[in-house]
Amino acid sequence: MSLQVNSPVLPTGDQLQPLDTTFLNWFNQRGISAATLQRNRVAMQTRYSPALRTTVPHIAFPYYYNGEVVNVKYRALPKNFVQSKGGQQVFYGLDDLQV
């Protein structure tokens, strides 16, 4: 499978930070363990939220294809989503599939 990339705007390594206790508690209340979050490399990033019109911490869900981050979906609480501009549209967890 060949995927096209339109110069995605992806975070640099120093922009993604470990989840803080607010986000860890939020996931825990939903039955999602810290081990699952770590395995999927879920992180946080402070960035501008168009929906909230301010800069706030976001949960960052990285999307991988062949071991490389090709997109990141962000969630600001309670439920405001945005993805990386120009990121590839692939299934979350695609690299976990065994072919």
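**Helix α1 and the four-stranded sheet**

In α1, which spans residues 21-29, Phe23, Trp26 and Phe27 are buried (under 20% relative accessible area with a 1.4 Å probe and protein chains only, exposed being over 50% and partly exposed in between). Seen down the axis of α1, these buried residues fall within an arc of 95 degrees, so they line one face of the helix, the arc being that of the directions from the helix axis to the C-beta atoms. The face of α1 turned away from the buried side carries the exposed residues Thr21, Asn28 and Gln29.

The model is predicted, with pLDDT of at least 70 needed for local features and 80 or more for side-chain atom pairs, while totals for chains, interfaces and linings use all residues. Residues are numbered from 1 along each chain as its sequence is written, and side-chain values use heavy atoms, without hydrogens and water.

The buried residues of α1 pack against α2 (34-39), β1, β2 and β3 (contact means heavy atoms within 4.5 Å), helices being DSSP runs of H or I with at least four residues and strands runs of E with at least two, numbered from the N terminus. Helix α1 lies across β1, β2 and β3 (68-76), running at about 60 degrees to β2, where axes are lines fitted to C-alpha atoms, for helices over the stretch in contact, and angles run from 0 to 180 degrees between N-to-C directions.

Four strands form an open, antiparallel sheet in the order β1-β2-β3-β4, two strands being paired if DSSP finds at least two bridges between them. β1 (43-49) and β4 (80-83) stand at the edges, each with a single partner strand, so one side of each is left without a neighbour in the sheet.
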